[in-house]
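Dear colleague,

I am passing on the structure below, and after it you will find my notes on what it contains. Please read them alongside the coordinates.

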Amino acid sequence: MIGIGIDIGGTNTKIVAVNAAGKLVMQERFRTEAGKGAADFVRRLSAIIPAFRRKYGKKLVSIGIGAAGDVDPEKGKIRFSPNLGWRNVSLAAPLGRLTGLPCFMENDANMAAWGAFELELGRKKSTAITLTLGTGIGTGLILDGKLYHGATGSAGEAGHFKVERDGRACHCGGRGCLEAYCGSYAIMARARELVKDEAAFARRFGAPARRKFNTICLTNAAAAGNRAALRVWAETGDYLGRGLAGLILLLNPDYVVLTGGVSKAKKWFLPAMNAVLRNQQIETPFARVRVKVSDNSDLGSHGAALFGLEKKRKPCAAN
Ligand SMILES: [Zn+2]
């Protein structure tokens with residue numbers, strides 16, 4: 001059996017075909033161009049599926065779709081995605097009609113959490129929290145081996161835990177959210193406050209091809225011993241630890257999996273994060289939990305494919 005996984009990002013949409021063991025067998029990508037509207041997007045997406053069909057025929061049994069934002073997994077629609085600018089967009093049903101395959105939809109962090117559960121933890125550890133550290137922070141919860149949705153499918157919005165009263169402005173419109181300190185935009189905003197000459201900093205530490213002032217540049221700077229960069233990463237780790245400590249106290253997980261672009265700076269933010277986790281008074285859950293940083297940048301799309309296969313095999317098992 002082969003499942004298709006679709007990860008709808010703000011810029012690109014990734015489509016993968018993965019077998020039940022989690023091995024990638026085919027992939028495609030195209031520009032999301034959300035501004036053209038959801039109907040146009042579904043048309044372009046469904047035009048790509050026949051190539052997968054030609055290659056794998058009846059072995060293709062399901063489609064899993066992950067999208068950033070508030071997703072209704074029961075109805076297979078996006079309630080609101082600030083990233084895509086879509087409200088009340090139904091995706092699973094029209095895609096199902098156009099492709100003839102059952103489609104299952106989830107928030108992208110939920111799909112990454114399922115991917116982490118299958119690919120990083122081998123389905124062995126039954127309670128795991130996955131944090132996707134990118135522009136924003138997504139959270140997916142696997143509790144007792146099942147993806148946890150909550151009452152409305154909105155469980156896992158830990159990016160908007162308030163970690164400071166009247167703190168920094170968040171993309172959600174609120175203030176003091178975890179994401180407003182640990183999302184990549186927030187990390188770079190803090191770096192801007194401490195770095196005097198941004199252009200010179202990017203020339204010195206930026207990735208050779210682009211020399212951009214971004215988290216890669218800030219990671220390189222930390223590696224070179226730059227004090228501003230080390231300070232920003234330490235602050236990031238401290239805030240991340242505060243958010244994570246709340247989740248660990250609440251859920252007592254076996255594992256925390258960190259993924260996403262910002263997790264590449266693990267060497268520089270983990271010490272401060274771990275210090276917060278060590279400095280807790282209710283010790284047992286913190287002694288138990290293991291933090292794993294995934295190198296797999298495709299947990300979202302592969303997780304979507306594997307989640308679709310799981311739902312096809314055991315319709316009630318995954319939710
Ligand atoms: Zn927020």
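**Notes on the fold**

The secondary structure of the protein amounts to 11 helices and 13 strands, where helices (H or I, at least four residues) and strands (E, at least two) are DSSP runs numbered from the N terminus. Please bear in mind that this is a predicted model, in which local features need pLDDT of at least 70 and side-chain atom pairs count only at pLDDT 80 or more, while totals for chains, interfaces and linings use all residues. Residues are numbered from 1 along each chain as its sequence is written.

As to overall dimensions, a compact globule of 319 residues would have a radius of gyration near 20 Å, and the protein, at 20 Å, agrees with this; the radius is taken over C-alpha atoms, and the globule rule is 2.2 Å times the number of residues to the power 0.38. Along the principal axes, the C-alpha atoms fill a box of roughly 55 × 45 × 35 Å.

An open sheet of mixed pairing is built from five strands in the order β3-β2-β1-β4-β8, two strands being paired if DSSP finds at least two bridges between them. Because β3 (24–31) and β8 (103–107) stand at the edges with a single partner strand each, one side of each is left without a neighbour in the sheet. From one strand to the next, the twist averages 20°; axes here are lines fitted to C-alpha atoms, for helices over the stretch in contact, and angles run from 0 to 180 degrees between N-to-C directions. Strand β4 (residues 60–67) runs parallel to β8 and is joined to it by five bridges, with E106 of β8 as the bridge partner of G66.

Helix α1 (residues 38–56) lies across β1 (2–8), β2 (12–19), β3 and β4, at about 160° to β3, whereas helix α3 (residues 108–120) lies across β1, β4 and β8, at about 105° to β8.

Elsewhere, strand β6 (residues 77–81) and strand β7 (residues 86–90) pair in the antiparallel sense over four bridges, and I78 stands opposite V89 in β7. The two strands β6 and β7 form a hairpin with four residues between them, and G85 in the turn has a positive phi of about 70°.

Finally, the axes of helix α8 (residues 227–251) and helix α9 (residues 266–278) come within 7 Å and cross at roughly 40°.

With kind regards

Terms used:
Two residues are in contact if their C-beta atoms, placed from the backbone, lie within 7 Å.
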